[in-house]
Amino acid sequence: MQDSHTQILNSLSNRDNLTKLDTLGMMDLVLGFPKQCRDGAAISWQYGHGSTAQTDIRNVVYTGLGGSAIGGDLLRCLADEYGSIPIIVNRDYTLPAWVGPSTLLLAASYSGNTEETLAATTAGLKAEAQIAMVTSGGTLAKIGAAEGCPVAIVPGGQPPRTATGYLFFPALTYLQHRHFLRKDFQEDSEETFLVLEKMAKEYGPDVPVEQNPAKQLAIQLFGKIPVLYGSQGYRGVAAYRWKCQFNENTKIAAFSNVLPEQNHNEILAWVLGEKQASNWSAIFLRDPKEEELQPRIATRVAVTKELVSRTTPVHEIFAQGESLLARLLSIIYMADFVTVYLAYLYGICPTDIGYIDHLKEALAKEVSK
Ligand code: F6R
C-alpha cells in the first residue's frame with residue numbers, strides 16, 4: 001500500500017500527471033504563494049476618507065469567514081506580540097456590542113460577497129466604527145466606494161484559501177499605516193519571502209518522496225484522522241489553519257487544539273480514543289525556540305506526546321525562520337503541500353468545494369424567494 005502511494009506521489013513529478021489529478025491548478029497556486037506574499041505586501045491602499053491618526057481608535061475587529069478570516073488570525077498573532085491596541089477576529093453576521101466609533105473594523109472577504117461579512121460590515125457602519133476593507137471586489141468593494149472607506153483591492157479569481165498572502169499582507173500594511181504595531185515589518189517580510197521560496201523548492205512536486213517531508217507526511221496520514229496540536233500561541237492558529245486545509249483541500253475530517261489548554265481536558269480523550277476510531281494521527285506544531293524560551297511548554301509537549309503516542313502515531317512540524325512573521329507563515333505553508341498531496345492520494349480534486357458552493361446557493365435561493 002505504502003509503495004503504491006509513493007509511486008503516485010513520485011509520478012507527480014511529471015507535470016502531465018499533475019495536470020490530470022489537479023485540473024484546477026491548486027498546486028500551481030500553492031507554489032505561487034511566496035510570490036503572492038511579495039505582491040500582497042506591495043498592494044497599495046485607496047485610503048479614502050480614513051483617518052491616519054491612531055488616538056481615536058481603541059480596538060481593532062477583523063471580520064471575515066473561512067479563508068478570509070485566517071488573515072485576521074495571523075494579524076492577531078502579530079498584534080499580540082507587537083500591537084499597541086487589542087485585535088479580535090470576528091467570524092459572524094454580528095459584531096460585539098462594544099463596537100463603536102473607537103473601533104477600527106477591518107472587513108475582509110476575498111470574493112466581496114460573503115453574506116456574514118457584508119452583514120457585519122453593515123452593523124459596523126451602523127455602530128459608526130471606522131471601516132477599512134480588503135477584497136477583490138464584489139458588494140464589499142461597492143459598499144467601500146459608496147462610504148469612502150479605505151480599501152485594498154487585491155487580484156481576484158482564485159480560491160480564497162489560496163489567497164492568504166493577498167488578504168494578510170495588505171491588512172498588515174494598513175495596521176502599520178495607522179501605527180498600531182510597534183515594529184516595522186519590512187525586514188521580517190523579506191526574511192519570510194525567502195523562507196517560503198526555499199520551502200516551495202523543498203516541498204514541491206518535482207522533489208521525490210525520499211527527499212520531500214511534505215510528501216512523506218501525506219503518505220503517513222493516508223486513512224488517518226489528523227489531530228493538530230499547536231504547542232502554544234500562534235501555533236494554535238496554525239493548527240486551526242491545518243485543520244481547515246485538511247477539510248477544504250483533502251475533504252477529510254480533522255481536529256485542532258492548542259496547549260496548554262489541551263492539557264486540561266482533551267488530553268483525556270486519548271484514554272479511550274481508540275474505541276471511537278483506531279486511525280487517529282497526531283501532529284504537533286512547534287516553535288524551534290520552544291526549548292530555550294518556553295521550557296514549561298517544551299515539557300508539556302514532551303509529556304503530552306508520550307501519552308498520545310501510547311495509542312496513536314505522532315508527528316512533529318517545526319516553524320522555520322527567525323522572525324515571528326516567518327515562523328507563522330512557514331508553519332501554515334507546509335499544510336498547503338501536505339493537504340494537496342493527501343488529496344492526490346485519495347484521488348480527489350483539491351480545489352473543489354462543492355458542499356460550500358451548495359450551501360451558499362441554497363442560502364441565495366432562500367433570499368430570492
Ligand atoms: C474557499 C474558502 C472559503 C471562503 C469562505 C468565505 O476557498 O477558503 O472558506 O473563504 O467561504 O468567502 P470569502 O473569502 O470570499 O469571503
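In which helix does Leu217 lie?

Leu217 belongs to helix α10, which covers residues 213–221. Helices (H or I, at least four residues) and strands (E, at least two) are DSSP runs, numbered from the N terminus. The model is a predicted one, in which local features need pLDDT of at least 70 and side-chain atom pairs count only at pLDDT 80 or more, while totals for chains, interfaces and linings use all residues. Residues are numbered from 1 along each chain as its sequence is written, and side-chain values use heavy atoms, with hydrogens and water left out.

Leu217 has a relative accessibility of 4% and therefore counts as buried. Buried means under 20% relative accessible area, exposed means over 50%, and partly exposed lies in between (1.4 Å probe, protein chains only). When its neighbours within four places in sequence are left aside, Leu217 is in contact with Trp242, His315, Ile317 and Val338. Contact here means heavy atoms within 4.5 Å.

## Helices α4 and α8

Two packed helices are described by the angle between their axes and the distance between the axes. Axes are lines fitted to C-alpha atoms, for helices over the stretch in contact, and angles run from 0 to 180 degrees between N-to-C directions. Helix α4 (residues 33–42) packs against helix α8 (residues 164–177) at an angle of about 30°, and the axes are 8 Å apart. The two helices α4 and α8 are therefore roughly parallel to each other. Angles under 35 degrees count as roughly parallel, over 145 as roughly antiparallel, 65 to 115 as roughly perpendicular and the rest as oblique.

The crossing in which α4 passes α8 is right-handed. A crossing is right-handed if the near helix is turned clockwise from the far one by less than a right angle, and left-handed if anticlockwise. On the α4 side, the residues that meet α8 are Phe33, Gln36, Cys37, Asp39, Gly40 and Ala41; their partners in α8 are Thr164, Gly165, Tyr166, Phe169, Pro170 and Thr173. By class, this contact of α4 with α8 has six nonpolar, five polar and one charged residues. Ala, Val, Leu, Ile, Met, Phe, Trp, Tyr, Cys and Pro count as nonpolar, Asp, Glu, Lys and Arg as charged, and the others, Gly among them, as polar.

## Helices α11 and α15

The axes of α11 and helix α15 (residues 324–346) cross at roughly 20° and come within 9 Å. Consequently, α11 and α15 are roughly parallel to each other. Here too the crossing is described by its hand: α11 passes α15 in a right-handed crossing. The residues of the contact of α11 with α15 comprise 15 nonpolar, four polar and four charged.

## Aromatic pairs

A pair of aromatic rings is described by the distance of the centres and the angle of the planes. The structure holds 14 aromatic pairs. Rings of Phe, Tyr and Trp (its six-membered ring) pair if their centres lie within 6.5 Å; planes under 30 degrees apart count as stacked, over 60 as edge-to-face and the rest as tilted. The ring centres of Trp45 and Tyr174 are 4.6 Å apart and the planes stand at 35°, so this pair is tilted. Trp45 lies in the loop between α4 and β1 (59–63) and Tyr174 in helix α8, so the pair ties together parts that are 129 residues apart in sequence. Trp45 counts as buried because its relative accessibility is 8%, and Tyr174 counts as buried at 1%.

The rings of Trp242 and Phe246 also form a tilted pair, because their centres are 6.2 Å apart and their planes are at 50°. Trp242 and Phe246 are four residues apart in helix α11 (residues 234–250), and are therefore separated by about one helical turn. Both Trp242 and Phe246 are buried. One aromatic cluster is formed by Tyr229, Phe255, Trp270, Trp280 and Phe284.

## Backbone features in loops

Most residues other than glycine have a negative phi, and most peptide bonds are trans. Leu259 and Pro260 are joined by a cis peptide bond, with omega about 5°. Pro260 is placed in the loop between β7 and α12.

Glu128, in the loop between α6 (115–126) and β4 (130–135), has a positive phi near 65°. Glu128 is exposed, with a relative accessible area of 57%. His179, in the loop between α8 and α9 (186–203), has a positive phi of about 65° although it is not a glycine.
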